[in-house]
Amino acid sequence: MNAPASLKGLTDFDPLTARRDFQILSREVYGKPLAYLDSAASAQKPRQVLDAMRAFATGEYANVHRGVHFLSAASTERYEQARETVRRFLNAGEPSEIVFTKGGTEAINLVASSYLARKIEQGDEIVLTVMEHHSNIVPWHFLRERAGAVLTWVDVRDDGSLDVEALDAAIGAKTKFVAVSHMSNVLGTVTPLKEIVARAHKKGVPVLADGCQGAVHLSIDVRELDIDFYAFTGHKLYGPTGIGALYAKRAHLKAMRPFNGGGEMIGEVTRERITYAEPPARFEAGTPPIIEAVGLAAAIDYLGGFDRAQIAVHEHDLLDYAAKQVKSLNWCRIIGEANGKGAILSFEAEGMHAHDLATILDREGVAVRAGHHCAQVLMERFHVASTARASFALYNTRADVDQFVAALHKARKILG
Ligand SMILES: *Cc1c(COP(=O)(O)O)cnc(C)c1O
């Protein structure tokens with residue numbers, strides 16, 4: 001008989017073993033052990049990723065797609081294998097539905113400029129939630145400024161959960177697009193993507209998910225979701241910076257205009273005219289982040305070496321363990337307590353500016369983020385200027401949480 005997932009997680013996934021893959025976690029800061037609780041901003045990279053990038057750069061590297069020589073062919077093969085790895089990770093139908101970008105931000109901008117811009121007429125609506133990251137707000141503001149689109153905002157409840165009925169109600173006759181976070185980088189809220197997509201599609205409206213957090217903590221099946229666009233970034237997924245990916249349904253990609261112009265994205269260029277390459281090459285102008293693509297594939301393979309459901313159980317254990325203690329402090333207020341939320345803990349501490357608090361925690365070796373987290377609309381919704389945020393990854397332990405809570409008490413003594 002199978003043990004329940006919760007028990008399995010506690011018995012099988014060992015963060016201490018995983019931690020050995022992350023050399024940086026064993027360093028000290030200010031003479032204190034490092035408790036790295038800022039993985040939602042960027043995750044640390046395991047040796048397997050760094051080794052894969054180094055081995056590729058020292059053994060097989062050349063520019064892709066254009067050379068006939070040995071290394072160029074080898075490099076091209078690795079780059080295209082990386083695309084296949086991303087395809088598998090998202091369970092997309094074809095590798096050509098995966099476009100490499102320089103991150104999540106660029107992936108969303110690509111959709112805004114190449115897909116949606118020319119469909120927008122004055123007064124057309126784009127539905128967003130108030131918990132979006134600026135990366136999933138600003139590109140749509142561009143369409144408001146430049147083409148007269150109207151941004152329609154869906155609120156979250158006080159606990160941070162998304163009201164799907166409200167979202168459904170916001171999708172009207174003028175709605176051209178829905179863009180929602182899969183998992184909030186501030187609240188940790190996980191949105192019911194499948195249901196959102198089903199409701200939007202019923203009204204003929206395509207959906208983009210910002211998966212920059214979702215891809216790290218949840219399993220994704222873009223075909224099962226039937227989602228139109230899914231964007232994510234490498235550096236939060238234990239991969240390198242400078243790489244991300246956009247999944248888009250093939251029919252959408254075929255209908256999309258190029259974003260950047262340059263080498264590799266053309267069919268033919270003459271003095272009078274150009275034709276464009278088929279997707280995904282059409283959207284990958286210039287030399288792509290080749291070494292980073294290999295690193296991203298290594299990161300996905302690294303994650304794939306674990307049972308991801310067990311990682312999730314472990315991360316939730318840390319979240320619960322931390323949330324319980326923070327909650328018991330009557331001078332702290334947690335923001336975001338939706339059911340099923342991911343391992344992100346945002347909070348306010350009475351009488352302390354989040355930056356001052358984070359500075360004191362830092363001196364205790366505890367890395368948390370303080371600020372608006374690129375989510376000013378959400379800050380406004382919760383009437384706060386900023387929050388402190390601890391975020392948990394597979395390599396964190398209860399000892400990290402203990403260090404964090406002890407540092408919180410110290411901050412209270414100093415600032416409270
Ligand atoms: C980090 C993040 C982004 C932006 O990703 P980049 O890698 O900086 O491009 C977008 N959305 C969410 C929810 C994020 O957490």
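User: Leaving aside its neighbours within four places in sequence, which residues is F89 in contact with?

Analyst: In this predicted model, F89 is in contact with A215, I220, F232, L237, I300 and R308 once neighbours within four places in sequence are set aside. F89 itself belongs to helix α4, which spans residues 70–90.

User: Why is F89 called buried?

Analyst: The relative accessible area of F89 is 11%. Buried means under 20%, so F89, at 11%, is classed as buried.

User: How many residues lie between F89 and L329 along the chain, and what separation do their C-alpha atoms have?

Analyst: F89 and L329 are 240 residues apart along the chain, and their C-alpha atoms are separated by 40 Å.

User: What makes a set of residues a nonpolar core, and which members touch the most others in the largest one?

Analyst: The members must be buried residues of the nonpolar kinds, joined through side-chain atoms within 4.5 Å. The largest such core has 70 residues, of which L90, I227, Y230, F232 and L394 touch the most other members. Helix α12, residues 290–304, gives the most to this core, with eight residues. At least three residues come from each of domain 1 and domain 2. In general, nonpolar side chains tend to be buried together in soluble globular proteins.

User: Which residues does L394 touch, not counting those up to four places away in sequence?

Analyst: L394 touches F13, P15, A18, F22, Y238, Y302, L303, I311, H314 and E315.

User: How do you know where domain 1 and domain 2 run, and how many residues does each give to the contact?

Analyst: The domain assignment gives domain 1 as 5–33 + 307–415 and domain 2 as 50–304. The contact takes 32 residues from domain 1 and 32 residues from domain 2. Over C-alpha atoms, the centres of the two domains are separated by 28 Å.

User: Why is Y238 called buried, and what is its phi?

Analyst: Y238 has 1% relative accessibility. The limit for buried is under 20%, and Y238 therefore counts as buried. Its phi is positive, about 70°, although Y238 is not a glycine. Y238 is found in the loop between β9 (229–233) and β10 (244–248).

User: Why is C374 called partly exposed?

Analyst: C374 has a relative accessible area of 32%. Buried requires under 20% and exposed requires over 50%; 32% falls in between, so C374 is partly exposed. The phi of C374 is near 55°, a positive value in a residue other than glycine. C374 is found in the loop between β16 (369–371) and α15 (376–381).

User: What makes the peptide bond from P279 to P280 cis, and where is P280 found?

Analyst: The omega of this bond is near 0°, and the bond from P279 to P280 is cis. P280 is found in the loop between β12 (274–276) and α12.

Definitions and conventions
Residues are numbered from 1 along each chain as its sequence is written. This is a predicted model: local features need pLDDT of at least 70, side-chain atom pairs count only at pLDDT 80 or more; totals for chains, interfaces and linings use all residues. Side-chain values use heavy atoms; hydrogens and water are left out. Buried means under 20% relative accessible area, exposed over 50%, partly exposed in between (1.4 Å probe, protein chains only). Helices (H or I, at least four residues) and strands (E, at least two) are DSSP runs, numbered from the N terminus. Domain bounds come from an automatic or database domain assignment. Contact means heavy atoms within 4.5 Å.
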